[in-house]
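Let's take a walk through this structure together, beginning with the overall picture and then settling on one helix and its surroundings. Keep the viewer open as you read.

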Amino acid sequence: VSCVVAMLRATTVVTRCLPRQALKTTQVGKSVLFSAVGPRVAVFAPLRASFATTASFNQSLKACEEAKDHVKAVELVEEMKAAGVARDLESYRSAIIACANAKQWDKAYTLIQSMDAEGIKPEKITHESVIAKAIEQQQWERAIDCLEEMMVFELPKPPFVSLKNALAAAGETEKAEYVGKLEREGLPEEDEVDFGPAEIDMPDRSQ
């Protein structure tokens, strides 16, 4: 306990030497720690991580999701890995949706792959949220990618109808027909999918 108090006192002393605008607060459990914004953030990161738990990280990740702060969300996931803090479904859900909110689709799919690699089965609600964001932003190829990911992971009841209707309403007839075919026949071979200049980026199913 005395060691913890000493470290917190040291943190307070150092933060007092920095301009107020160069600081931000980080909620860890019931304690609030200060961390420097900018080059000095690495000084405080180990101290923050040493007190953190999956729950406290998830709280910060949820804030990133709501703020559409994909940069910080990805950083927090990496910080969890570096600190040996377990990631769970909630951790990845918030980070993935934060990336989708910010239109960072490649980062969102990288996180989905990380979940799979860590043995965390993706969930229906996360993919549905990503598809909804893609529809909202008219990112049709991304929406179809995510729908196909749901099929790859055998998640229940992919939203074929809602995506098909959104595509039809946007005049994306060919893509709407493709989604209808997915619903009827399942995933095709990769070389069967061709939308010409707007070809859909198919997910890598070899991993």
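Predicted model: local features only at pLDDT ≥ 70, side-chain atom pairs only at ≥ 80, totals over all residues.

The protein has ten helices and two strands, and from the N terminus on its elements run α-β-β-α-α-α-α-α-α-α-α-α. Of its 207 residues, 42% count as buried. Among the contacts with a separation of 6 or more, 54% are between residues 24 or more positions apart. The accessible surface comes to about 11,400 Å², and carbon and sulfur atoms hold 52% of that area.

Now let's turn to helix H5, which covers residues 89-101. Its 13 residues reach 18 Å from the first C-alpha to the last, close to the 18 Å expected at 1.5 Å a residue. How many of the 13 residues of H5 are buried? Ten of them are, so H5 is largely enclosed by the rest of the structure. The buried set includes Ser 91, Tyr 92, Ile 96, Ile 97 and Cys 99. What covers these buried residues includes helix H3 (54-67), helix H4 (70-83), helix H6 (105-117) and helix H7 (124-136).

The two ends of H5 are worth a look as well. At its start, a side-chain oxygen of Asp 88 reaches to within 3.1 Å of the backbone nitrogen of Glu 90. After the helix comes Lys 103, with a positive phi near 65 degrees.

Ser 91 is buried, because its relative accessible area is 0%, under the 20% cut-off. Leaving aside residues up to four places away in sequence, Ser 91 touches Thr 54, Asn 58, Leu 61 and Met 80.

Helix H3, one of the helices covering H5, has 14 residues and spans 20 Å between its first and last C-alpha, close to the 20 Å expected at 1.5 Å a residue. Its buried residues include Thr 54, Asn 58, Leu 61, Cys 64 and Glu 65. Just after H3, Lys 68 takes a positive phi of about 60 degrees.

What about the cysteines? The structure holds zero disulfides. For Cys 64, the nearest cysteine sulfur is that of Cys 99, 9.7 Å away. Cys 64 counts as buried at 6% relative accessibility, and Cys 146 is buried with a relative accessible area of 0%.

Finally, the charged side chains: the count comes to twelve salt bridges. One of them joins Glu 65 and Lys 62, with the closest N and O atoms 3.4 Å apart. Both residues lie in helix H3, three residues apart, about one turn of the helix. Glu 65 is buried at a relative accessible area of 11%, whereas Lys 62 is partly exposed at 36%.

Another salt bridge brings together the side chains of Lys 164 and Glu 183, at 3.3 Å from N to O. Lys 164 lies in helix H9 (residues 160-169) and Glu 183 in helix H10 (residues 173-185), so the pair ties together parts that are 19 residues apart in sequence. Lys 164 is partly exposed, with a relative accessible area of 26%, and Glu 183 is partly exposed at 37%.

Lys 175 forms a salt bridge with Glu 172, the closest N and O atoms being 3.5 Å apart. Here Lys 175 is buried at 7% relative accessible area, while Glu 172 counts as partly exposed at 25%.

Notes. Residues numbered from 1 in each chain as written. Heavy atoms only, no water. Helix = DSSP H or I, 4+ residues; strand = E, 2+ residues; numbered from the N terminus. Expected span 1.5 Å × (residues − 1). Buried < 20%, exposed > 50% of the residue type's maximum accessible area, 1.4 Å probe, protein only. Contact = heavy atoms within 4.5 Å. Polar contact = N/O pair within 3.5 Å; in protein donor to acceptor, adjacent residues only side chain to side chain. Areas by Shrake-Rupley, 256 points an atom, 1.4 Å probe, with all protein chains shown as cover. Disulfide = S-S within 2.5 Å. Salt bridge = Lys/Arg side-chain N within 4 Å of Asp/Glu carboxyl O.
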